[in-house]
Amino acid sequence: MRKPLLMLAMFLPFSAFAQVLTVQQVEQVALPNGSEMVADISPDGNRLLLTTGTYHGLKSFDLTSGKTVELTNGSGSGYDARFAADGKTVVYRESTYSPQHLRETSLNTIDLTTGSKQVLQAPTRNLQGVRLSNNEATVVNNGKASAKSFNGVKVQALPTLSINNRQLMLTKGGKTKTFSPNGKQYSYIWPSLSPNGQNVLYYVCGVGAFVCDLNGKNIKSLGQLRAPKWYDDNIVVGMNDKDDGEVILSSSIIAVTLDGKRQALTDDSVIAQYPKPAQQAGKIAFTSPEGKAYIIHVSK
């Protein structure tokens with residue numbers, strides 16, 4: 001068996017203001033094609049989902065064996081592609097065009113063990129939000145939620161976040177309503193529910209990241225934290241990137257607690273973007289603009 005294709009990155013992370021996580025090391029992943037973008041990391045931290053900078057195609061990369069498996073060559077399939085909780089099911093989108101030349105998006109799964117595929121949502125113009133929970137997905141299409149099981153078991157739809165006309169929406173009890181806790185005058189992106197389903201994480205364009213409860217109350221600012229992701233129920237990781245309007249000048253991976261502690265997990269020697277956490281494994285994957293992949297090994 002081949003050894004892990006990982007190379008130690010030549011920089012040491014540092015803390016800013018307070019320690020949130022203990023950084024053990026940061027490693028550069030030797031990607032099979034040299035340059036790709038990390039779409040997600042498996043819950044056990046042993047596999048990466050890889051795509052291109054334009055989200056075209058999707059591959060599974062085994063960090064232990066170095067083996068790469070092409071999952072799909074579809075357009076847009078790398079956008080929001082995710083591992084399910086079982087670590088063997090991948091949920092991904094795919095863009096196609098209707099006979100009327102209208103762009104549509106489907107939602108699909110692939111079992112990494114068997115290679116079998118399943119369509120959770122047929123091509124549609126209005127795929128707005130997806131929530132994964134265990135072996136099921138709640139899909140919001142045109143404001144309506146439907147629950148889809150990966151194994152054929154009947155399930156019920158869970159509260160799910162989505163974006164419609166730049167507003168943050170919440171589908172609950174079969175009804176989709178505008179949520180937008182900071183007001184409808186803002187644009188919202190990157191929404192997600194905490195692992196325990198009790199808190200909402202979102203980013204207000206031009207303002208920063210926030211967390212609130214399912215009633216839109218108890219709003220807490222997390223500061224400038226783009227592309228935020230839950231590490232666990234109390235810690236969020238994201239990036240603090242800076243540019244000159246055209247070129248990204250710097251970017252670091254930041255960990256923030258809900259009570260305000262904030263820590264930089266990387267330093268200025270690499271432009272670190274779009275963190276993908278695997279709390280179970282104590283790993284956070286990220287990508288640089290050059291298409292280089294890294295993994296931060298952390299503990300609490």
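Two strands are said to pair if DSSP finds at least two bridges between them; strands (E, at least two residues) are DSSP runs, numbered from the N terminus. This is a predicted model, in which local features need pLDDT of at least 70, side-chain atom pairs count only at pLDDT 80 or more, and totals for chains, interfaces and linings use all residues. Residues are numbered from 1 along each chain as its sequence is written, and side-chain values use heavy atoms, with hydrogens and water left out.

Let us begin with the sheet. Four strands form an open sheet in the order β7-β8-β9-β10, with antiparallel pairing. Its edges are β7 (82–83) and β10 (117–124); each has a single partner strand, so one side of each lacks a neighbour in the sheet. Between β7 and β8 (residues 89–97) there are two bridges, in the antiparallel sense. Arg 82 lies opposite Val 91 in β8.

I turn now to the rings. Rings of Phe, Tyr and Trp (its six-membered ring) pair if their centres lie within 6.5 Å; planes under 30 degrees apart count as stacked, over 60 as edge-to-face and the rest as tilted. The whole structure holds five aromatic pairs. One of them, Tyr 188 with Tyr 202, is tilted, at 5.7 Å centre to centre and 50° between the planes. Tyr 188 belongs to β17 (residues 188–193) and Tyr 202 to β18 (residues 199–204), 14 residues apart.

Are these two residues buried or exposed? Tyr 188 is buried, at 1% relative accessible area, and Tyr 202 is buried at 0%; buried means under 20%, exposed over 50%, and partly exposed in between (1.4 Å probe, protein chains only). Ring pairs also join Tyr 188, Tyr 202 and Phe 210 into a cluster.
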